[in-house]
Amino acid sequence: MLFRSVPCDVFKAFATASLRSVSNAERVINRIYDKLGVKISVISGEDEAKYDYIATENHFGDTLAPRGVVVDMGGGSTEFVAYEKGEVRCIYSLPVGSLGLWRCFCGSRQSDPFPGTGERDDILKFVAAELEKAAPLKNFGGTAYLIGGTARALSNIDAALTGRTDETD
């Protein structure tokens, strides 16, 4: 395993919504431990959001906007962290992710990766209702930072559609 090839004093493995949202998470964790000897902790959405903010703050350093929202939309959840002048103002973790939305509203079809009009409308209604749970973010303002796997996928789609070859942060 790759992690064993890098010398370190402590190794910790954690899972996010991929295991937070499944009923057999403990069974999966035990099986991974039995097969690989790796103990996995499942972190809360709030902890995931805090780590998202710390990583974004470390990545951008002094160039981080003084006020903004970090958004980490993954496959199974979306975390929001509103911050101002280096202080976290509010955190929300919603059980809404790109893969979960696809499975829920588009099923498992493989032929067309884009939702149809009806599916899109249903997704928008569902997401709007979920976002009401994070209502204080509605007028927060500032700079938005989209991070994580969905952000990378969107960037790759944009690059493929526009021919862009430069790397972006």
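Trainee: To get my bearings, in what order do the elements of the chain run from the N terminus on? After that, please go on to the nonpolar residues.

Mentor: Happy to! Keep in mind that this is a predicted model. From the N terminus on, the order is β-α-α-β-α-β-β-β-α-α-β-α, which comprises six helices and six strands. Along the principal axes, the C-alpha atoms fill a box of roughly 45 × 45 × 35 Å. Of the 169 residues in the chain, 29% are buried. If you take the contacts between residues at least 6 apart in sequence, 55% of them join residues at least 24 apart.

Now for the inside. The largest nonpolar core has 15 residues, and V69, F80, A82, C90, Y92 and L137 are the ones with the most contacts inside it. Two or more residues come from each of the strands β3 (67-73), β4 (78-84) and β5 (87-94), and likewise from helix α4 (98-106).

Setting aside its neighbours within four places in sequence, A82 touches G68 and V69, then E87, V88, R89 and C90, and finally L137 and F140. Three of these partners, V69, C90 and L137, are also listed with A82 among the residues with the most contacts inside the largest core.

The accessible surface of the chain comes to about 11,400 Å², and carbon and sulfur atoms account for 55% of that. One nonpolar surface patch, of about 410 Å², is made by L146, L154, I157 and L161. Helix α6 (residues 149-162) contributes the most to this patch, with three residues. L161 lies in that helix. Why does L161 count as exposed? Its relative accessible area is 72%, and the cut-off for exposed is over 50%.

Since you work with geometry, here is a check on another helix, α2 (residues 25-36). At 1.5 Å a residue, its 12 residues should span 16 Å, and because its end C-alpha atoms are 16 Å apart, the model agrees with that expectation.

Key: Residues are numbered from 1 along each chain as its sequence is written. This is a predicted model: local features need pLDDT of at least 70, side-chain atom pairs count only at pLDDT 80 or more; totals for chains, interfaces and linings use all residues. Side-chain values use heavy atoms; hydrogens and water are left out. Patches are made of residues with over 30% relative accessible area and no salt bridge: like charges are joined within 9 Å, nonpolar side chains (Val, Leu, Ile, Met, Phe, Trp, Tyr) within 5 Å. Accessible areas come from the Shrake-Rupley method with a 1.4 Å probe; for residues, only the protein chains shown count as cover. A salt bridge is a side-chain nitrogen of Lys or Arg within 4 Å of a carboxyl oxygen of Asp or Glu. Helices (H or I, at least four residues) and strands (E, at least two) are DSSP runs, numbered from the N terminus. Buried means under 20% relative accessible area, exposed over 50%, partly exposed in between (1.4 Å probe, protein chains only). A nonpolar core is a set of buried Ala, Val, Leu, Ile, Met, Phe, Trp, Tyr and Cys residues joined through side-chain atoms within 4.5 Å. Contact means heavy atoms within 4.5 Å. The expected span of a helix is 1.5 Å times one less than its number of residues.
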